[in-house]
Amino acid sequence: MAKKQWTVSLTLVVISIFFVALNMRPAVTGIGPLFNVLMTSLHVSTTSISFLTSIPVFCMGLFAPLAVPLQRKMGTKSAITLLVTLLVVANGLRFFQASYFLLIVTSFAAGLAIAMIGPILNAYIKKKFPERFTTVVGIYSFGIGVGATLSAALTVTFYQGFGNSWTVALGMWSILAVVALVIWLWAIPSGHNEQLQQVTATEHARNPWTSRRAWVILLYFGLQTSLFFSIMSWLTPLLQDKGLSLEAASAMLTIMSVVQMIGNMAVPILMEKWPSRMAWLLVLSFVGVIGFMLLWLTSGIYLWLAILLIGFMLSGLFPIGLLLPLDEAKNDQEATSWSSMVLAGGFMVSAIIPILIGVCYDLTGNHTWTYLIFVLLMLGILATTGLLRKKHRKRHV
């Protein structure tokens, strides 16, 4: 079965999934590198800029349950086509006006699209690559990491290259969405629509909302996603607060994203050889605690070590978060419903943290609470790992 996976047509499917995945972060993570620029240009508080990250993340949770009915109604190909088109529009509108209101509206639209792309692609991968879904999820999460890395690396470059225009810097990401749309339309057979509609409409599925296991996975996903979006939003201002320039802080964010991007691909592949999710979670969690303590308490060369450790930690936590609901799923419909439940609740939980950090900074004028929140999130991940590990032993011993 595994040998039959990598035909030319299926390789094209993987490539199209990768390009769609590239577009699942820049609309959100492009804000972080320009955090202070936007705050100054728009004359708003740090809390207000934090909403530009939290709103799309909250939407990713709020609208994720709509993935199941949308997939049933339209099929995978048409549904993803519609949602990527929405990303084209959301990013493209940012070209036209330097408006905080427009940023809010486009952040909402991007979050709506990303919310449903995730569960639909998760279920599609589970069905299309039953023997290699860990590897394909790794490629998918690698694509998300590449998109986040590109936004970290190029947003400031676009800003400086186009006359310090942040509207151009943010609007440029619509071009990447257009590329993904073209490749998706070309690579995915139209027959996939009807095929998936029939499967999802007829198979019986357990309700994840009544499963304690699903709730623990949801909490874990929310905590790790909180870490990702918070550090992508706040690392640049944190480093600037330590005396680094915008260019230097942006470079460190880029390096962290590169480490994460590589790990997004490498960790799932390594997990095929060493499959224990719980062992990986424990190692990654301890690495993350060390990384955040170094970021908080040190300076100079130790900051580079901190971002390397944090990047590695984030690179593994996210694909594991995608895999845990798929591990539980017994069929395609469960893959969609469990993924949508975990992504829905997890993203809604994670939308709170960037705003909380902004409020704490506005009240205190320093980042002490920012670092404390990061460490508390890591401890929360360790706690959920303990709960997951107990059930994991029962299932696999």
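A residue is called buried under 20% relative accessible area, exposed over 50%, and partly exposed in between, with a 1.4 Å probe applied to protein chains only. By that criterion Thr167, at 12% relative accessibility, is buried. The structure is a predicted model, in which local features need pLDDT of at least 70 and side-chain atom pairs count only at pLDDT 80 or more, while totals for chains, interfaces and linings use all residues. Residues are numbered from 1 along each chain as its sequence is written, and side-chain values use heavy atoms, with hydrogens and water left out. Helices (H or I, at least four residues) and strands (E, at least two) are DSSP runs, numbered from the N terminus.

**Nonpolar core**

- A nonpolar core is a set of buried Ala, Val, Leu, Ile, Met, Phe, Trp, Tyr and Cys residues joined through side-chain atoms within 4.5 Å.
- The largest such core comprises 137 residues.
- Within this core, the residues with the most contacts are Leu227, Ile231, Phe292 and Leu295.
- The greatest contribution to the core comes from helix α12 (residues 212-241), which supplies 16 residues.
- Contact denotes heavy atoms within 4.5 Å; neighbours within four places in sequence set aside, Leu295 contacts Ile231, Leu235, Leu238, Leu239, Lys242, Leu303, Ala306, Ile310 and Tyr371.

**Packing of α5 against α7**

- Two packed helices are described by the angle between their axes and the distance between the axes.
- Helix α5 (residues 67-74) packs with helix α7 (residues 100-128) at an angle of about 65°, and their axes are 9 Å apart.
- Axes here are lines fitted to C-alpha atoms, for helices over the stretch in contact, and angles run from 0 to 180 degrees between N-to-C directions.
- The α5 and α7 crossing is right-handed; a crossing has this hand if the near helix is turned clockwise from the far one by less than a right angle, and is left-handed if anticlockwise.
- From α5, the contact involves Ala67, Leu70 and Gln71, and from α7, Met116, Pro119, Ile120 and Ala123.
- Six of the contact residues are nonpolar, one is polar and none is charged.
- In this classification, Ala, Val, Leu, Ile, Met, Phe, Trp, Tyr, Cys and Pro count as nonpolar, Asp, Glu, Lys and Arg as charged, and the others, Gly among them, as polar.

**Buried residues in helices**

- Thr167 lies in helix α9 and, apart from neighbours within four places in sequence, is in contact with Arg94, Phe95, Gln97 and Ala98.
- Thr167 and Val342 are 175 residues apart in sequence, with a C-alpha to C-alpha distance of 33 Å.
- Ser151, in helix α8, is buried at 0% relative accessibility.
- Beyond its neighbours within four places in sequence, Ser151 contacts Pro26, Thr29, Gly30, Pro33 and Trp173.
- Thr385 belongs to helix α18 (residues 368-396) and is likewise buried, at 0% relative accessibility.
- Not counting residues up to four places away in sequence, Thr385 touches Met278, Leu281, Leu282 and Ser285.
- Leu181, in helix α10 (residues 173-187), counts as buried at 16% relative accessibility.
- Leu181 is in contact with Thr81, Val84 and Thr85, leaving aside neighbours within four places in sequence.
- Leu181 and Leu121 are 60 residues apart along the chain, and their C-alpha atoms are separated by 14 Å.

- Most residues other than glycine have a negative phi.
- His43, which is not a glycine, has a positive phi of about 55°.
- His43 is placed in the loop between α3 (35-42) and α4 (46-62) and is exposed, at 71% relative accessible area.
- Asn164 also has a positive phi, near 55°.
- The loop between α8 (133-161) and α9 (166-171) contains Asn164, which is partly exposed at 47% relative accessible area.
- Ser165 is in the loop between α8 and α9 and is buried, with a relative accessible area of 17%.
- Ser165 and Trp274 are 109 residues apart in sequence and 47 Å apart from C-alpha to C-alpha.

**Cysteines**

- A disulfide is assigned to a pair of cysteine sulfur atoms within 2.5 Å, and the count is zero.
- Cys59 is buried at 2% relative accessibility.
- Cys360 is buried with a relative accessible area of 13%.
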